[in-house]
Amino acid sequence: MHDSAVVAWLLFAVHASLQLVFIVRALLRPHREPSSRFAWVLVIVLAPVIGILAYILFGEVNLGRKAVARLRAALDALPPAADVAGASAEAMIPERWVPLFRVGYSVNHFLPVAGNRAALLPDSASAIAAMVADIDAARHSVHVLFYIWLADESGVTVMEALKRAAARGVVCRAMADDLGSRALIRSMHWRDMAASGVRLAAALPVGNPLLRLFKGRIDMRNHRKIAVIDNAITYCGSQNCADAAFAVKARFAPWVDVMARFEGPVVRQNQHLFASNWMAQTDEDLAPLFAEPLPAQSQATSVSGFVAQVIGSGAGVRYSAMPETFVALMNAARRELVITTPYYVPDEPIQAALCASARRGVATTIVFPRRNDSWIVASASRSYYRDLLEAGVEIREYVGGLLHAKTLTLDGEVTLIGSANIDRRSFELNAENNILLHDETFTRAVRARQQVFLDAAPPVTKTQVDAYSPARQLWNNTIAMLGPVL
């Protein structure tokens, strides 16, 4: 046999062995739907080189052993989540809603706690203004965490407020995702905050991108948006620290968000989320924060305030936390279910639950942006339209900008608000924070905001979907088919 033939056979053997190794890895990967395993095997077999590279980059939900170990060590050093915000208020929740909060408890072990109040901020600028006012009034501590933090008017305004607070002796800690906020973290603004006494940390540092591949997926990010002031006030919603004009993707502007300001015991649960993220990236112990008594106003309003619970999903907690939460909420609807989300790439249980909600007579409405900053998600989302419409789900597409709000209201009584989208990235890759609550007054306010979005969102009809060209249908369905792969 010629040397060239020997080399060819050796290369073939190496190639076939690599294919077999990655096929086996795809089949053995835990928490995968059969369709996902099949899709990965198909990609590796039909496009071996590209398929193997794609699997290395995107095939496994791997935050990195060191990152997971640090997060678990941080959680072990903090007080148990069930102990940070007072006793369970499950007895105050109507029986039909109790299972929802039990699902929430299964995620982080945060209890549903009573005595909370909330205000829905009118718009993005008002949310930043309220946050800055609270930072300016802070006496002890300010903690902020954002996925995207830009050096625009809003971003700089928050930075200046942090610098002022640090100058008067308030302990300020600021964290931003190392990929989502990479421009800011590498800018003079970040260095100026550090020089002013603000304690800084980058969430999930990327480091050398090539070396990062051996440590964990680079696209697993901290997508949370949290602010906690004086252990007594917190903000939760969809808004990053940026103007509605959102300079990095200005052609989709304005970005339309929903943000709420909370007081009460639920603040401590958001503080616990922040502390676990902070301690996973730094050597600073924040456990003493939870030795402080709950604010007197929280204790005084334990009867009049509403019940709420933080749900913080991510790679460091149990698998399928957010999709199970969404499915539980959808299945609990009896009269009305209204959802706003910019990104919709569901797993099969969520699509089925949404369709089932409409089929049993619930007025089920979901609102997406007409123009999406992700063409991949936009195409995948529209592949689900026909089944939703045939089931009776009302689909609307908002035309007043990029609707980025992630809200869910249920029968006029229950609200979920936060950072999680209804897509696989939120479900498997991102760290998210949400607040689930039972309160008719606040839910009415969120529902009124949803109605503003609905009024600016023409309905999508089955006739329109039927008019999609075969090429467009093929494209949408092909992109959606890649959902289990990515």
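1. Let's start with a word you will need: a residue is buried when its relative accessible area is under 20%, exposed when it is over 50%, and partly exposed in between, using a 1.4 Å probe and protein chains only. Ile128 is buried, because its relative accessible area is 6%.

2. A word on the model itself. This is a predicted model, in which local features need pLDDT of at least 70 and side-chain atom pairs count only at pLDDT 80 or more, while totals for chains, interfaces and linings use all residues. Residues are numbered from 1 along each chain as its sequence is written, and side-chain values use heavy atoms, with hydrogens and water left out.

3. Where does Ile128 lie? Its place is in helix α6, residues 124–137 (helices are DSSP runs of H or I with at least four residues, numbered from the N terminus). Setting aside neighbours within four places in sequence, Ile128 is in contact with Ser154, Val158 and Gln239 (contact means heavy atoms within 4.5 Å). Thr157 is 29 residues from Ile128 in sequence, and their C-alpha atoms are 8.2 Å apart.

4. Now look at the partner helix, α7, which covers residues 153–167. The axes of α6 and α7 come within 9 Å and cross at roughly 10° (axes are lines fitted to C-alpha atoms over the stretch in contact, with angles from 0 to 180 degrees between N-to-C directions). That makes α6 roughly parallel to α7, a label for angles under 35 degrees. On the α6 side the contact is made by Ile128, Val132, Ile135 and Asp136, and the α7 side includes Ser154, Thr157 and Val158. By class, this contact has 7 nonpolar, 2 polar and 2 charged residues (Ala, Val, Leu, Ile, Met, Phe, Trp, Tyr, Cys and Pro count as nonpolar, Asp, Glu, Lys and Arg as charged, and the others, Gly among them, as polar).

5. Next, the largest pocket, with a volume of about 1,200 Å³. A pocket is an open set of points on a 1 Å grid over the protein atoms alone, where a 1.4 Å probe fits, with protein on both sides within 12 Å along at least five of seven lines; lining residues have an atom within 4 Å of a point. The volume is the space filled by probe spheres set on the points. Of its 38 lining residues, Tyr147, Lys249, Asp373, Ser374 and Arg425 lie nearest the centre. Helix α15 gives the most to this lining, with 4 residues.

6. Finally, the second largest pocket has a volume of about 980 Å³. Helix α4 provides the largest share of its lining, 7 residues.

Technical notes: Helices (H or I, at least four residues) and strands (E, at least two) are DSSP runs, numbered from the N terminus. Angles under 35 degrees count as roughly parallel, over 145 as roughly antiparallel, 65 to 115 as roughly perpendicular and the rest as oblique.
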